[in-house]
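Let's take a friendly walk through this structure and look at how its parts meet.

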Amino acid sequence: MKALRLIVLLAFFGACQNEGEYQLDIPENVEPFLIPEDNKLSQAKVDLGRSLFYEKGLSLDSSVSCGSCHIQQFAFADTARVSRGFQGDTGFRNSSSLTNVAFQTAFFRDGGVFSLERAVHPPVLGEFEMNMNLMDMLDRLNANPSYPQAFKNAFNSEIDNKGIVQALASFQRTLLSFNSPYDKFMAGDSLALKGSQKRGLQLFRSDRLNCAKCHAEPLFIDNKMHNIGLYESYREYGRGRVTLKEEDFGKFRTPTLRNIEVSFPYMHDGSIKTLEEVLEFYKTGGFHHPNKSVEMRSIELTENEKADLIAFLHALTDNAFLTDSRFSSPKE
Amino acid sequence: MKRLALLISLFLIALLTINTSCKCEKDDPPAPAYDSSVKLIFELYNDADSMAWNEIVSVDNVNEYRMEFFKFYLSNIAGIKADGSAVLLKDVILADASSAEGMTFEFAAPSGAYDKLEIGVGLDAVLNAKDPVSFAPEHPLSSAQAMYWSWATKYRFIRIDARANQLGSIGDTNDILVAYHPGADEFYEVIELAKPFNLVAGTPTEYRIKVDVSLFFDGPGGVLDIPTEPQSHTTPEDYPIAEKFMKNFKAAISPM
């Protein structure tokens, strides 16, 4: 892309790290994210993280990997309402898309975790997800002929817990999606969006619909938590589960709309199957709830406008991202 | 003129340096020699009776109760001398009731007379915010200790997994699965164990601490009814159980 600015992240490679910087392509109109000083990106870390992301040995019964519930063709989300993990167990929330996950300042639906490194353990150790324990995980990776050398390449060290989370976080930081028709349009290609999609973009940005207030361009997130009135009485507490505060009940992190066409089903619990139904919900303004966002209000939306809006949302699909071989399983 | 300013600056810097070094010499007493040690030994009791690990006991509201996992954090453990000065003995420990070793901790300490022990029950906010990945597996705060709630980036202060049976025996069809996992910054509290002790140079001194399981279920926090309040993971819906348990737990720790 013409408008792409090449961000060259020169890692501070000390004696303990191997050389091999990793370049991230982030558009000019997007503020780059911060990378922890102690986990600068390198090709070796990203490669290792990619292998670990698809490593089923990270689950207790070797049945699932991170990639089992974060599937590339679905924008690293899952089509199941709630993913199945260890021995077919299910959690209680829909698997979030990892599209541009590095730009998030909080992770998981409730924002309970505030760094990508610390977002690694909940699914790996979670009894309904991968149900692994750390000591077994180290033993398994040590027994695998490829990992000891991969860790040496990435960290110049033996396999350890810190390296595992740093490598997985590094790989996820590379999951950048900025090559959709919308991005091309924003970069100056006026033909990248069709008429309906352009009208949908205008609607999306309009004060009347108020979509962009929370799904703010260009990332289509606001890094905040909202209660959208999905239920009058929520079956779970959302952000309140972490903070234990009543005012946070029913609040969830705003998900990105990039690749939203393929990251169905929708909402924190995967309760809405299609974009049409999502818009129907937003038309109502949501159920009454004491914590409901003031931004939520009922809106008038004609069938044509709905079609335009959905057409625009489809323009956020980045097919190159969904098929990029750098992000797929290295075993394929 | 410039030279004068330079000279004045150098003089002021020298003055400050001298002043600072003098202050250090005056204010900082020599560090006490850690020439002794205190051995904390936690012992399980059920009211007045000593209790072995895995022992089935009868507690309030249930006929039989048996713990299968019991670990708890204590932090900022300090000995308080007669003059009120505190000697930090250990920043954090994780007691594991499944073995005598897991309930015994020896800390180096300066010799002398101490009025009491101060113990933080749980983890203070700084410790509770630590990243478990940054610790070696054997460290109390490591993820390997199975005490960390990774989804909420905080620790369980106490973890008890147990079985109970209200009327019959453990193992029959009516077992109650018990899980008390309290953990929240606001639960942290420093308690005092007001039993004096004296540490002699070169000689370890034992300090025995009773952990009275019966008080878990009937203490200052109120009655914890196992059949109707069998579990808490410190979520909004079971928060009151966790709060009650923590109050009772603090009262359950006393010097012997």
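## Where the two chains meet

In this predicted model, 19 residues of chain A are in contact with 21 residues of chain B. Together the two chains bury about 1,600 Å², and 66% of that area is on carbon and sulfur atoms. On the chain A side, A:Arg118, A:Arg241 and A:Leu244 supply 40% of the area buried against chain B, more than any other three residues.

A:Arg118 also forms a salt bridge with B:Asp131, where the closest N and O atoms are 3.9 Å apart. The count between the chains is one salt bridge, alongside four residue pairs in polar contact. Look for helices H3 (121–125), H4 (134–143), H6 (161–173) and H9 (239–243) of chain A: each supplies at least two residues of the side that touches chain B. That side of chain A has 11 nonpolar, four polar and four charged residues.

## Two domains inside chain A

Now stay within chain A. The domain assignment gives domain 1 (6–177) and domain 2 (181–319), with C-alpha centres 27 Å apart. Their contact takes 29 residues from domain 1 and 27 residues from domain 2.

Between these domains, about 2,300 Å² is buried, with carbon and sulfur atoms giving 52%. In domain 1, A:Arg109, A:Asp110 and A:Ser177 lose the most area to domain 2, together 25% of what that side buries.

## Links between the domains

How many salt bridges are counted between domain 1 and domain 2 of chain A? There are two. A:Arg93 forms a salt bridge with A:Glu236, their closest N and O atoms being 2.7 Å apart. The domains also share 15 residue pairs in polar contact. By class, the side of domain 1 that touches domain 2 has 11 nonpolar, 13 polar and five charged residues.

Note on methods: Residues are numbered from 1 along each chain as its sequence is written. Chains are lettered from A and ligands numbered from 1 in the order in which they are written. This is a predicted model: local features need pLDDT of at least 70, side-chain atom pairs count only at pLDDT 80 or more; totals for chains, interfaces and linings use all residues. Side-chain values use heavy atoms; hydrogens and water are left out. Contact means heavy atoms within 4.5 Å. Buried area is the accessible area (1.4 Å probe) that two parts lose on being put together, summed over both. A salt bridge is a side-chain nitrogen of Lys or Arg within 4 Å of a carboxyl oxygen of Asp or Glu. A polar contact is a pair of N or O atoms within 3.5 Å; within protein, one must be able to donate a hydrogen and the other to accept it, and residues adjacent in sequence count only if both atoms are side-chain atoms. Helices (H or I, at least four residues) and strands (E, at least two) are DSSP runs, numbered from the N terminus. Ala, Val, Leu, Ile, Met, Phe, Trp, Tyr, Cys and Pro count as nonpolar, Asp, Glu, Lys and Arg as charged, and the others, Gly among them, as polar. Domain bounds come from an automatic or database domain assignment.
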